[in-house]
Amino acid sequence: MKKLKPTCREVHRLVSEGMDRDLTLTERTRMRLHLMMCGACTRFNQQMDTLRGAMRNFPLGGEDGTPGDHGDHGDHGDKPGGKP
């Protein structure tokens, strides 16, 4: 049986995975227990929430939600083999 309080590394993984899928009751409980005691992981969780919110509000481009054309398709010469 896993220990009740996960490590910081496990909590970071759970926070990230929670963005992609619903966590199980056990995962959520273990994560919340850790967050009650660890200020660093609480800040990490808040930062991820901020990032998630910013990405939700990020404009995708055109009015129909498709990425806009910014005219940035060619080589810029800053890579080997690129044209100056």
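Is Leu51 buried, exposed or partly exposed? Leu51 counts as partly exposed because its relative accessibility is 45%, where buried means under 20% relative accessible area, exposed over 50%, and partly exposed in between (1.4 Å probe, protein chains only).

The model is predicted: local features need pLDDT of at least 70, side-chain atom pairs count only at pLDDT 80 or more, and totals for chains, interfaces and linings use all residues. Residues are numbered from 1 along each chain as its sequence is written, and side-chain values use heavy atoms, leaving out hydrogens and water.

The largest nonpolar core comprises 10 residues: Val11, Leu14, Val15, Leu23, Met31, Leu35, Cys38, Cys41, Phe44 and Met48. Such a core is a set of buried Ala, Val, Leu, Ile, Met, Phe, Trp, Tyr and Cys residues joined through side-chain atoms within 4.5 Å. Two or more of its residues come from each of helix 1 (8-20), helix 2 (25-37) and helix 3 (39-56); helices are DSSP runs (H or I, at least four residues), numbered from the N terminus.

Leu23 is then in contact with Leu14, Glu17, Gly18, Arg28 and Met31. Asn45, in helix 3, is buried at 18% relative accessible area and is in contact with Val15 and Leu35.

The structure holds 0 disulfides, a disulfide being a pair of cysteine sulfur atoms within 2.5 Å.

| Cysteine | Closest cysteine sulfur | Distance |
|---|---|---|
| Cys8 | Cys41 | 3.6 Å |
| Cys38 | Cys41 | 3.7 Å |

Cys8 is partly exposed at 35% relative accessibility, whereas Cys38 is buried at 14% relative accessible area.

Notes:
Contact means heavy atoms within 4.5 Å. Lists of a residue's contacts leave out its neighbours within four places in sequence.
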